[in-house]
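Student: I have a structure to look at and would like to begin with its ligands. Could you take me through them?
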Amino acid sequence: MAVLITGGAGYIGSHTCVELLEAGEKIVVMDNLSNSSHNSIDAIKKITARDFPFYEADILDSDALDRIFSENGIDSVIHFAGLKSVAESVREPLKYHRNNVIGTQTLCEAMLRHNCKTIVFSSSATVYGVPEKVPVTEDCQTAPTNPYGKTKLEAEEILRRLHDEDIEWKIAVLRYFNPIGAHASGLIGEKPTGIPNNLMPYVCLVTAGKLDEVRVFGNDYPTPDGTGVRDYVHISDLAKAHLCAMRKLREGTDFGVWNIGTGKGYSVLEIIKAFERVNKIAVPYSIAERRDGDVAECYADPSKAYRELGWKAEKSIDEMCADCWNYSKNNKLF
Ligand code: NAD
Ligand code: UFG
């Protein structure tokens, strides 16, 4: 039997494909390539020396889903396909609802038609909104503050309802904190389109001389150095969490929500300094106004994932910085 990976050509999906293949799993990948390309499929095959079926298809296309399920013995799904820009979701909330919420529903309906009831879902720490406390535990209240976050919570709700009505469903909801880094090979990583919103891709473009300087959004937060604190987790560690979650569901767990982070927060200035030290390169920056919607601190309590999934982040912030820069150079992102 095989695991269907939706959005498997994307940043997190491609790294998860590598982890699954290296663990001996059989996979089938589908992606509409709206934010990725065939290159990552080729790269996954190169890294792992394994082959697998790839379908260029949309999760909103029921006929395509039926074909994929009919042509492959699929018994479980890892669902990454989705849109992820907070800013774009504010401009185009209905596009985000259609893709992320209706997309998840369409996928689940196809799963039901093909009697496949096991799914690992990509959720986000953004569902917590302004965290009621840090470190954030899974029972903290969910109150997303942007349309993107709301679509993630609605998709979680669809899954929760499916499970409430039919306990044959086995569902793992993973709430990621801030994934950064790239595969050690430098062949897959995060390829930003346009000017990035996220810190690490921005740092890489500045370092490469493509942008003038990093604007540090606020240095007057109630944090040790005044800049925003986040929980950065290496993409390969994050990818392994999906394998652990899948194993947990196979062991019989029927529903769970797990934070996937390191449990340690780093400030913007700490990230810039680490990047400079590890890669021996200057990162020009200046202090700018706070960015609307940002919170001072957000980092996970990941102990539930350790206790229940046996998952723990292993890679350091230095490895994250080194791998980001290695990927950027290797792929001439600038
Ligand atoms: P990504 O854009 O690199 O990957 C998503 C993939 O899904 C892309 O390859 C895209 O082409 C594909 N896709 C989008 N809509 C599709 C559709 N309707 N049908 C088929 N394919 C479709 O993003 P990522 O960073 O790898 O994120 C993967 C998932 O994790 C997303 O659901 C995202 O919301 C979630 N997530 C990401 C982060 C992050 O910081 N990267 C944090 C928390 C949660
Ligand atoms: N930052 C800067 N300058 C920049 C970009 C970011 O100072 O140019 C700061 C931010 O203010 C924040 C930190 O760097 O303090 C991290 O910002 P990111 O944009 O990289 O990440 P966020 O935590 O704001 O958001 C990310 C994803 C969201 C997701 C959230 C929680 O972009 O989609 O993590 O998972 F919801």
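Student: Which element gives the largest share of the shell around ligand 2?
Tutor: That is β8, with three residues; strands are DSSP runs of E of at least two residues and helices runs of H or I of at least four, numbered from the N terminus. This is a predicted model, in which local features need pLDDT of at least 70, side-chain atom pairs count only at pLDDT 80 or more, and totals for chains, interfaces and linings use all residues. Residues are numbered from 1 along each chain as written, chains are lettered from A and ligands numbered from 1 in written order, and side-chain values use heavy atoms, without hydrogens and water.

Student: How many residues surround ligand 2?
Tutor: There are 22, and Asp294 is among the closest; a residue counts if one of its heavy atoms lies within 4 Å.

Student: What polar contacts does ligand 2 have with Asp294 and Leu199?
Tutor: A polar side-chain atom of Asp294 is 2.5 Å from a ligand 2 oxygen, and a backbone N or O atom of Leu199 is 2.8 Å from an oxygen of ligand 2. A polar contact is a pair of N or O atoms within 3.5 Å.

Student: Turning to ligand 1, which element gives the most to its shell?
Tutor: β5 does, with three residues.

Conventions: A polar contact is a pair of N or O atoms within 3.5 Å; within protein, one must be able to donate a hydrogen and the other to accept it, and residues adjacent in sequence count only if both atoms are side-chain atoms.
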